[in-house]
Amino acid sequence: MAKTSFVTMEETLAAIEDYKREIMQPLTAPEGLSGDQILKMYRRMALIREFDTSVKGLWKQNYIYGLAHSYVCAEAIGVGACAALRDSDFITSTHRGHGHTIAKGGDVKKMMAELMGKYDGYCLGKGGSMHIAAVDEGMLGATGIVGSGMPIAVGAALSSKVLGKDNVVVCFHGDGGTNQGVWHESINLAATWDLPVIFLCENNQWAISLPYKKASKNPRVSDRAIGYGIPGVTVDGFNVFAVYNAVAKAVERARSGNGPTLIEAKYYRYIGHFVADDERYRDMATNAPWTAFDPVERMCRFLVENGGFSEEQVQAVYESAKQEVLDAIEYAKTAPEPPLSSLYDGIYSPEFMEILKSRGEYVL
Ligand SMILES: Cc1ncc(C[n+]2csc(CCOP(=O)(O)OP(=O)(O)O)c2C)c(N)n1
Ligand SMILES: [Mg+2]
């Protein structure tokens with residue numbers, strides 16, 4: 001079957017020129033971040049890259065159930081954003097949640113076990129890739145329903161405000177999510193009540209096979225902020241420091257009671273939408289020019305050329321992340337399956353379980 005390409009090579013090259021002219025920012029280390037912190041950010045990016053690259057192969061070998069959406073080429077966004085947060089802050093995620101979980105400090109062993117449906121996984125093997133949650137890390141959950149993280153983030157921000165805490169929430173979402181009704185309702189409510197939430201749109205210019213410019217007349221998501229009376233900014237989504245700076249500023253505003261910010265981190269998904277995507281909707285040759293902005297490679301170049309690290313040091317950090325993922329895969333492969341007795345665990349509250357048992361409706 002002939003491919004239907006919604007984006008031609010000519011349009012791709014024009015979009016790249018627009019990105020270079022309007023969005024791209026040079027990597028400059030933010031003031032206040034130590035060399036050690038910057039190296040840790042690179043290691044998190046490497047962990048995400050290695051984790052999600054492995055997932056595709058493991059899925060093909062039937063180790064991983066369901067589907068999985070890779071965060072490869074978006075590493076700068078999750079890592080840049082989470083580096084600007086405290087451990088006690090929260091994030092909400094999307095269907096592309098591995099990267100967000102790792103960026104927030106998630107343990108790759110527990111994540112890999114979760115993806116393989118094992119009992120040691122973050123959600124006892126019941127969440128899998130698309131519904132992974134790591135509440136102890138402040139990661140309130142990935143979700144397969146586009147846009148559905150928005151009200152969860154607003155709810156968490158409301159609870160923080162009502163309880164008098166100073167936690168903030170970063171709400172990751174895709175460009176496809178911005179045309180859901182709940183996106184508008186959530187931002188309007190958060191803006192009206194000055195809630196401590198940062199709406200972080202990962203604009204990769206595609207919602208599966210639909211280019212964003214065919215879904216919205218104005219391709220700049222951040223322009224919408226004016227409609228809610230909050231600040232809006234577009235940043236280079238391939239640049240970990242650009243994301244860090246924008247989120248740090250928004251966090252300061254949110255923590256001091258001044259309400260939400262809408263940040264659009266613009267990048268390009270030059271890989272398939274999910275593990276089974278044959279990208280029939282586009283000419284795969286149009287992906288190649290975008291790989292020149294690979295966020296992990298850009299960070300690697302920065303560290304060697306401007307960060308004061310040797311190539312060997314940077315390579316060693318990458319290799320240690322790679323080994324951590326390999327160890328996680330071995331661990332998850334041999335981790336125990338969930339026992340039958342765990343069927344209801346994590347589904348109902350203990351109180352409700354007692355009610356079920358008293359009604360004789362608890363079958364185990
Ligand atoms: C409410 C809803 N509609 C449709 C889908 C099918 N779907 C899954 S992912 C996706 C595209 C999401 O695009 P975007 O929000 O830009 O995120 P990206 O995958 O590009 O990161 C769609 C339409 C869904 N999961 N939920
Ligand atoms: Mg998208």
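The model is predicted: local features require pLDDT of at least 70, side-chain atom pairs count only at pLDDT 80 or more, and totals for chains, interfaces and linings use all residues. Residues are numbered from 1 along each chain as its sequence is written, while chains are lettered from A and ligands numbered from 1 in the order in which they are written.

The protein chain contains 11 helices and seven strands. Helices (H or I, at least four residues) and strands (E, at least two) are DSSP runs, numbered from the N terminus. The C-alpha atoms fill a box of roughly 65 × 50 × 50 Å along the principal axes. The radius of gyration, taken over C-alpha atoms, was compared with a globule rule of 2.2 Å times the number of residues to the power 0.38. For 364 residues a compact globule would come near 21 Å, and the protein chain has 21 Å, which agrees. Of the 364 residues, 47% count as buried. A residue is buried if 20 or more other C-beta atoms lie within 10 Å of its own, exposed if 12 or fewer, and partly exposed in between; the C-beta atoms are placed from the backbone. Contacts join residues whose C-beta atoms, placed from the backbone, lie within 7 Å. Among contacts between residues at least 6 apart in sequence, 75% join residues at least 24 apart.

Five strands make up an open sheet with parallel pairing, in the order β1-β2-β3-β7-β6. The edge strands, β1 (90-92) and β6 (232-236), each pair on one side only. From one strand to the next, the twist averages 20 degrees. Its axes are lines fitted to C-alpha atoms, for helices over the stretch in contact, and angles run from 0 to 180 degrees between N-to-C directions. Two strands pair if DSSP finds at least two bridges between them. Strands of a sheet pair through backbone hydrogen bonds, either parallel or antiparallel.

Strand β2 (residues 169-174) runs parallel to β3 (residues 197-203), and six bridges join them. V169 has V197 as its bridge partner in β3. On to β7, β3 pairs in the parallel sense over six bridges. Here I198 stands opposite T261 of β7. The pairing of β6 with β7 is also parallel, over five bridges. D236 stands opposite K266 in β7.

Strand β7 (residues 261-266) is mostly covered, with six of its six residues buried. In a regular strand the side chains alternate between the two faces of the sheet. Both faces of β7 are covered: T261, I263 and A265 are buried on one side, and L262, E264 and K266 on the other.

D194 lies in the loop between α7 (181-192) and β3. Its phi is near 50 degrees. D194 is partly exposed, with 16 other C-beta atoms within 10 Å. Q205 lies in the loop between β3 and β4 (206-207). The phi of Q205 is near 75 degrees. Q205 counts as buried, with 20 C-beta neighbours inside 10 Å.Helix α9 (residues 295-305) has buried residues P295, V296, R298, M299, C300, F302 and L303. The elements that cover them include α2 (35-60), α3 (75-83), α8 (240-255) and α10 (311-334). Helix α11 (residues 350-358) lies largely in the open, because the number buried among its nine residues is zero. Just after α11, G360 takes a positive phi of about 75 degrees.

G121 is placed in the loop between α5 (108-115) and α6 (149-162). With 23 C-beta neighbours inside 10 Å, G121 counts as buried. Neighbours within four places in sequence aside, G121 is in contact with K110, A113 and E114. G121 and P336 are 215 residues apart in sequence, and their C-alpha atoms are 9.8 Å apart in space.

Ligand 1 has 16 residues around it, of which V146, G174, D175, G176 and A207 come nearest. A residue is near a molecule or strand if its C-beta atom, placed from the backbone, lies within 6 Å of it. The shell around ligand 1 divides into five nonpolar, seven polar and four charged residues. Ala, Val, Leu, Ile, Met, Phe, Trp, Tyr, Cys and Pro count as nonpolar, Asp, Glu, Lys and Arg as charged, and the others, Gly among them, as polar.

Terms used
Contact = placed C-beta atoms within 7 Å.
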